[in-house]
Amino acid sequence: MAETTARTAPPAPTADPRSPSRRAGALTAAAMAVTVVLWASAFVGVRAVGHDLDAGALTLGRVAVGSAALTAILLVARARRRTPVRLPRGRVLLLVLAWGVAWFGAYNLTLNAAEQHLDAGTTALLVNIAPMLVAVLAGILLREGFPRRLLAGIAVAFTGVVVIAVATTTGRFDVVGVALGLASAVLYAGAATLQKRLLPHADALTMTWLGCLAGTVAALPFLPALVAQASAAPSSSLLGVVYLGVFPTAIAFTTWGYALARVSAGRAAASTYAVPPLVVLMSWALLDEVPAPVVLLGGVLALAGVAVATLPRRPVRARTTPS
């Protein structure tokens, strides 16, 4: 009988952790993590500074500092790459400017106004229904339809928003705060959707810089209020404005654009689910401010609805029958 020698298959090649794809994936994950942490800190910073600056003045101060910081970042990046700054043209340029007015101007204005009436944690819970609204916009504008999961998620999230609204209703100002928080979520969703559509036609850093400049120009009517209130504000609040402009605006919006250019809008938006818990912890530690238990319950319902509406289904594994 002929002897057979067992041949062993060569070991499967292992992915080199230094490979370009691995490195790109790690950089994207790091960019999303930086964005989440800095955006969470923004809710706390806005709440702290809002005692000395009103919504309009704070919006202008934040985006003006952000524009200056982004200008420096852009010039350094272009100098290192030895490439000139290339601006988008025509329709793309107009859409980028409109996006900037909505994202850096209107969103910041409604967010700042909301935190004049609500604590940081409650505002973050309301704003972060935005990923679900992105799915709704896709259903309407991109004709992706409204599957049952999306409708079920909308119903659960709406229930959570109602619970938050009822729990915070001690007068009309709280209702206004909830409405402003929801307006911020709508602006966030619309801006994220538009940005994803524009990124193939515009460099992420250049787009962020142009958008912040457009938001600054749109907020210039608040300049007299900013000058008057900043002159009377303590140095801690002025430093808070600088922090908001440099870190949650210039740096975080840059890392957000970097990540959004490399992953789907849904995945990028889903990463912000971590923002509300971080905001609650930060505001508790730094501001001694915690939402009421009923508000937290409403927030959990709202985020659960967002998760049901937006998280992808797990693929169903085909059952194999033994032969």
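Predicted model: local features only at pLDDT ≥ 70, side-chain atom pairs only at ≥ 80, totals over all residues.
1. Arg 78 is buried, with a relative accessible area of 11% (buried is under 20%, exposed over 50% and partly exposed in between, with a 1.4 Å probe and protein chains only). Its side chain and that of Asp 203 meet in a salt bridge, N to O at 2.9 Å (a side-chain nitrogen of Lys or Arg within 4 Å of a carboxyl oxygen of Asp or Glu). Arg 78 belongs to helix α2, whereas Asp 203 sits in the loop between α7 (172-198) and α8, so the pair ties together parts that are 125 residues apart in sequence. Helices are DSSP runs of H or I, at least four residues in length, numbered from the N terminus.

2. Residues are numbered from 1 along each chain as its sequence is written, and side-chain values use heavy atoms, with hydrogens and water left out.

3. How many salt bridges does the structure hold? There are two. Besides the pair of Arg 78 and Asp 203, Glu 289 forms a salt bridge with Arg 47, with 2.9 Å between the closest N and O atoms. Glu 289 lies in the loop between α12 (275-287) and α13 (293-310) and Arg 47 lies in helix α1, so this pair ties together parts that are 242 residues apart in sequence. Both partners are buried: Glu 289 has a relative accessibility of 16%, and Arg 47 has one of 18%.

4. Helix α1 also holds Ser 41, which is buried at a relative accessible area of 11%. The C-alpha atoms of Ser 41 and Pro 248 are 7.3 Å apart in space, although the two residues are 207 residues apart in sequence.

5. The largest pocket contains about 460 Å³ of space. Of its 16 lining residues, Ala 77, Arg 81, Leu 205, Thr 254 and Tyr 258 are the closest to its centre. At least two lining residues come from each of α1 (20-49), α2 (55-81), α8 and α10 (235-260), and α2 has the largest share, with five. By class, the lining of the largest pocket comprises ten nonpolar, two polar and four charged residues. Here Ala, Val, Leu, Ile, Met, Phe, Trp, Tyr, Cys and Pro count as nonpolar, Asp, Glu, Lys and Arg as charged, and the others, Gly among them, as polar.

6. For the void terms, a 1 Å grid over the protein atoms alone is used: a cavity is a set of points where a 1.4 Å probe fits but cannot get out, a pocket is an open set with protein on both sides within 12 Å along at least five of seven lines, and lining residues have an atom within 4 Å of a point. The count comes to one cavity of 30 Å³ or more.

7. The largest cavity has a volume of about 120 Å³, a volume being the space filled by probe spheres set on the grid points. It is lined by 15 residues, and those nearest its centre are Trp 39, Phe 43, Tyr 107, Leu 111 and Tyr 188. Helices α1, α3 (90-114) and α10 each supply at least two residues of this lining, with α3 giving the most, four residues. The lining of the largest cavity divides into eleven nonpolar residues, three polar and one charged.

8. Arg 82, in the loop between α2 and α3, has a positive phi of about 55° although it is not a glycine. Asp 288, in the loop between α12 and α13, also has a positive phi, near 55°, and is a residue other than glycine. Arg 82 is exposed, at 78% relative accessibility, and Asp 288 is exposed, at 67%.

9. Val 217 lies in helix α8 (residues 204-218) and is exposed, with a relative accessible area of 56%.
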